[in-house]
Amino acid sequence: MTRRTHISFVIIISITLTRLAPAAFPSYRASYATHDDEISCADAIRYLTERISEFGDIDHTNAAYKIMRQATTDSVSFHTCLDMAEKAYGDPDSPQHDDSKLIPFLEEALRLPVLNRSEKERIGFLFEMARKNRPGTKAADFAFDNRDGTSGTLHGLPTDRRILLIFYDPDCNHCHETFDKIMRTEFPEPIRIVAIDAEYDRMLWEASASSLPAEWTVGFAADPVQDEDIYILTTMPTLYLLDRDKTVILKDTTLPHIMSELDPAE
C-alpha cells in the first residue's frame with residue numbers, strides 16, 4: 001500500500017530496536033505500519049506466539065497484559081514487545097491483523113510507567129484508532145456526493161449485499177492498480193463496491209470519477225472523514241469489508257484477505 005504523503009512523520013525501527021529521540025518527532029500521528037521492513041510480520045507473529053504460549057491456557061488479553069508487565073524491568077524488552085504487537089496485529093499485510101489483539105498491548109503499555117510523553121501520545125493515538133470501526137461493530141456513517149449529482153450516506157446504501165468500501169485518492173497510482181485487480185476479480189458472491197474519495201481536491205475527483213465502472217458507487221466524502229478521524233486512513237487505498245447491515249467484517253484490509261473471508265475454501 002502506498003504511504004500517505006501528508007503523514008507528518010515516519011518512525012523507523014531497526015531490527016535491534018534502537019529508539020530515536022522523542023524530540024525527532026513533531027507529531028504523534030503515526031500509522032500502524034511504521035516498522036522497518038527487516039521486521040517481518042511472520043517474525044513478529046512467531047515471537048508473540050512463543051511468548052503467549054509461556055502462560056499456558058489463558059486468553060489473549062490477559063497474556064498480553066502479562067507480557068507487557070514482565071517487560072517493565074527492561075526498556076528494550078518493553079519496546080520490543082510493543083513493536084512486535086504493532087507489526088503482528090496492526091500491519092494490514094499481517095495474516096493476523098486484528099485490532100482486538102493489538103488493543104490489550106497498547107492499553108497495558110499506556111498504564112505502565114515506561115513510556116515517555118511522546119511515546120504515550122503516539123500509543124494513545126494508535127489505541128484510539130484501533131478502537132474505531134473494529135470488526136463486529138457498526139461502521140461509522142458519513143455523507144458523500146455521488147458522481148451523478150445526488151448525495152447519500154454509507155448507512156443509507158441498500159442492504160442487499162455485502163460492501164467493499166474503498167477510500168482512495170484519484171492521484172494515487174497504487175489505488176488505480178488496486179482498482180484494476182478488483183475489476184479482474186471474480187467474487188464468490190455479489191458485492192457492492194463503494195469507492196470514496198476522502199481527499200480534498202473535488203475538481204480532480206470530478207474529472208476522474210467517470211473512469212471507474214458504472215456499476216460502482218463512486219463518491220466524494222462530504223463529511224471530513226479524515227479531519228475528524230472517523231476512519232483511520234494511513235495508506236491509500238484503505239479497504240473495508242462490511243456486512244449488509246454495515247457491520248465491519250474486515251478493517252484496513254487487503255484484497256486477498258477479503259477473498260479468503262468471502263470464500264474460506266480458497
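A salt bridge here is a side-chain nitrogen of Lys or Arg within 4 Å of a carboxyl oxygen of Asp or Glu. Keep that cut-off in mind for the opening stop of this tour, and remember throughout that you are looking at a predicted model.

**Stop 1**

Select Glu189 and Arg244. Their closest N and O atoms are 3.9 Å apart, and the two residues form a salt bridge. Glu189 sits in the loop between helix 6 (173–184) and strand 5 (191–197), while Arg244 sits in the loop between strand 8 (238–242) and strand 9 (248–253), so this pair ties together parts that are 55 residues apart in sequence. Arg244 is partly exposed, at 35% relative accessibility.

For contrast in the viewer, go to Asp160 and Arg161. Their side chains also meet in a salt bridge, with 3.5 Å from N to O. Asp160 is partly exposed, with a relative accessible area of 45%, and Arg161 counts as partly exposed too, at 29%. The whole structure holds 16 salt bridges, and we will visit another one next.

**Stop 2**

Now select Glu108 and Arg111. How far apart are N and O in the salt bridge of Glu108 and Arg111? The distance is 2.5 Å. The two residues are three apart in helix 4, which means about one helical turn separates them.

Together with Glu108 and Arg111 they are linked in a network of salt bridges. Then show the ring of Tyr65: Arg111 lies over its face, at 4.9 Å from the ring centre.

**Stop 3: helix 2**

Tyr65 leads us to helix 2, residues 60–70, where it is one of the buried residues. Select the others as well: Ala63, Ala64, Ile67 and Met68. What do the buried residues of helix 2 pack against? Show helix 1 (41–53), helix 3 (75–90) and helix 4 (99–111), and you have the partners.

Asp59 caps it, with a side-chain oxygen 3.1 Å from the backbone nitrogen of Thr61.

**Stop 4: Ala85 in helix 3**

Move along to Ala85, which is found in helix 3. Is Ala85 buried or exposed? Ala85 is buried, with a relative accessible area of 0%. Setting aside residues up to four places away in sequence, Ala85 touches Leu48, Gly90, Leu102 and Phe105.

**Stop 5: aromatic pairs**

The structure holds 10 aromatic pairs. Take Tyr168 and Phe179: their ring centres are 5.2 Å apart and their planes stand at 70 degrees, so the pair is edge-to-face. This pair links distant parts of the chain, with Tyr168 in strand 4 (residues 162–168) and Phe179 in helix 6, 11 residues apart. Both Tyr168 and Phe179 are buried.

Trp205 and Phe220 form an aromatic pair that is tilted, at 5.6 Å centre to centre and 45 degrees between the planes. Here the link runs from Trp205 in helix 7 (residues 202–208) to Phe220 in strand 6 (residues 217–221), 15 residues apart. Trp205 is buried, with a relative accessible area of 2%, and Phe220 counts as buried at 8%.

**Stop 6**

In soluble globular proteins, nonpolar side chains tend to be buried together. To see this model's largest nonpolar core, which has 76 residues, begin with those having the most contacts inside it: Phe142, Leu164, Leu165, Phe167, Tyr168 and Tyr231. Which helix gives the largest share of this core? Helix 3 does, with seven residues.

Finish by centring on Phe142. Leaving aside neighbours within four places in sequence, Phe142 is in contact with Gly152, Thr153, Leu154, Leu165, Phe167, Ile196, Asp223, Val225 and Tyr231. Now select Phe144 and Tyr240 too: with Phe142, Phe167 and Tyr231 they form one aromatic cluster.

Note on methods: Residues numbered from 1 in each chain as written. Predicted model: local features only at pLDDT ≥ 70, side-chain atom pairs only at ≥ 80, totals over all residues. Heavy atoms only, no water. Buried < 20%, exposed > 50% of the residue type's maximum accessible area, 1.4 Å probe, protein only. Helix = DSSP H or I, 4+ residues; strand = E, 2+ residues; numbered from the N terminus. Contact = heavy atoms within 4.5 Å. Polar contact = N/O pair within 3.5 Å; in protein donor to acceptor, adjacent residues only side chain to side chain. Phe/Tyr/Trp six-rings, centres within 6.5 Å; stacked < 30°, edge-to-face > 60°. Lys NZ or Arg CZ within 6 Å of the ring centre and 35° of its normal. Core = buried A, V, L, I, M, F, W, Y, C linked by side-chain atoms within 4.5 Å.
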